[in-house]
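Visitor: Hi, I have a new structure open and would like a quick tour. Can we start with a helix and then work outwards?
Guide: Happy to, here it comes.

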Amino acid sequence: MIGLLQPLETERLILRPFEITDAGTVRQLAGDREVAATTVNIPHPYPEGAGEQFVAFTREAAAGGFGYTYAVVRKSDGILVGCIGLVGTNSVHRRAELNYWIGRPYWRQGYASEAARRMVQFGFERLDLNKISAAHFTRNPASGKVMQKAGMTYEGTHRQDILKGGQFEDIATYSILRAEFEARR
């Protein structure tokens, strides 16, 4: 399955497998308090060595066929701006969850939306998925806009579903089905 983790391109971005040399940038960008606060699993402070562990995990997940996570890199200068992936890929039920984060210096530049559209395409065309879902904290409506721009439909809100930073968070969920993706092409 690691062969599926080939670079993907958009107009402005290259989505490529993470390399061990990305670990420091991952720690710097993902470890930013505001970035970590918008995700379920990114800790703050970001521990020493966690970037290297993350890179190793992305490779193991791809090799095992249960997740495809890419570095989001600008074509113009090769700068790593974030991360996007389809995780929990399930060949039986043919579904996965879209996850992403973008480093704060690169917010509001459309990178997440551009990368999300490409990952949805990858999920349906290369992974043969039937459904791709995503979720965001309701206090982060910008992430919901990314999901909408990727063609996803709002499904509902799970109240106080996640405990983050000592607070229970409401989660808004979205999804797109293969038939919807194909109808929009």
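**A helix, then the whole chain**

Guide: Let's begin with the buried residues of H4, which are Tyr 111, Ala 112, Ser 113, Glu 114, Ala 115, Ala 116, Arg 118, Met 119, Val 120, Phe 122, Gly 123 and Phe 124. Keep in mind that this is a predicted model.

Visitor: How many of the residues of H4 are buried?
Guide: The count is 12 of 15, so H4 is mostly covered, with buried meaning under 20% relative accessible area.

Visitor: And what span should H4 have at 1.5 Å a residue?
Guide: Its 15 residues should span 21 Å, and the end C-alpha atoms are 21 Å apart, so the two agree.

Visitor: OK, zooming out. How many helices and strands are there in the protein chain?
Guide: The protein chain has six helices and eight strands. In sequence order the pattern is β-β-α-α-α-β-β-β-α-β-α-β-β-α. The radius of gyration is 15 Å, close to the 16 Å from the globule rule for 185 residues, so the chain is as compact as a globular protein of that length.

Visitor: What does the C-alpha trace span along its principal axes?
Guide: About 45 × 40 × 30 Å. Of the 185 residues, 48% count as buried. As for contacts with a separation of 6 or more, 62% of them come from residues 24 or more positions apart.

Visitor: What about the accessible surface of the protein chain?
Guide: It comes to about 9,600 Å², and 49% of that belongs to carbon and sulfur atoms.

Visitor: Switching to charges: how many salt bridges does a search of the whole structure find?
Guide: It finds 14 salt bridges. One of them joins Arg 16 and Asp 22, whose closest N and O atoms are 2.8 Å apart. Both Arg 16 and Asp 22 are buried.

Visitor: Which residue does Arg 27 form a salt bridge with?
Guide: Arg 27 pairs with Glu 48, with the closest N and O atoms 3.1 Å apart. Arg 27 lies in helix H1 and Glu 48 in the loop between helix H2 and helix H3, so the pair ties together parts that are 21 residues apart in sequence.

Visitor: Is Glu 48 buried or exposed?
Guide: Glu 48 counts as exposed, at 68% relative accessibility.

Visitor: Where do the side chains of Asp 128 and Arg 94 come in?
Guide: They meet in a salt bridge, 3.6 Å from N to O. This pair links distant parts of the chain, 34 residues apart: Asp 128 is in the loop between helix H4 and strand S6, and Arg 94 in the loop between strand S4 and strand S5. Asp 128 is partly exposed at 39% relative accessibility, and Arg 94 is partly exposed at 32%. Arg 94 and Asp 128 also belong to a network of salt bridges with Arg 178 and Glu 182.

Visitor: Last topic, rings. How many aromatic pairs are there?
Guide: The count comes to six aromatic pairs. Tyr 154 and Tyr 174 have ring centres 5.5 Å apart and planes at 70°, so they are edge-to-face.

Visitor: Why edge-to-face?
Guide: Because the planes are at 70°, and over 60 degrees counts as edge-to-face. Tyr 154 lies in strand S7 and Tyr 174 in strand S8, so the pair ties together parts 20 residues apart in sequence. Tyr 154 is partly exposed at 45% relative accessibility, whereas Tyr 174 is buried at 7%.

Visitor: Which residues form an aromatic cluster?
Guide: Tyr 68, Tyr 70 and Phe 122 form one. Phe 122 is also among the buried residues of H4.

Conventions: Residues are numbered from 1 along each chain as its sequence is written. This is a predicted model: local features need pLDDT of at least 70, side-chain atom pairs count only at pLDDT 80 or more; totals for chains, interfaces and linings use all residues. Side-chain values use heavy atoms; hydrogens and water are left out. Rings of Phe, Tyr and Trp (its six-membered ring) pair if their centres lie within 6.5 Å; planes under 30 degrees apart count as stacked, over 60 as edge-to-face and the rest as tilted. Helices (H or I, at least four residues) and strands (E, at least two) are DSSP runs, numbered from the N terminus. Buried means under 20% relative accessible area, exposed over 50%, partly exposed in between (1.4 Å probe, protein chains only). A salt bridge is a side-chain nitrogen of Lys or Arg within 4 Å of a carboxyl oxygen of Asp or Glu. The expected span of a helix is 1.5 Å times one less than its number of residues. The radius of gyration is taken over C-alpha atoms; the globule rule is 2.2 Å times the number of residues to the power 0.38. Contact means heavy atoms within 4.5 Å. Accessible areas come from the Shrake-Rupley method with a 1.4 Å probe; for residues, only the protein chains shown count as cover.
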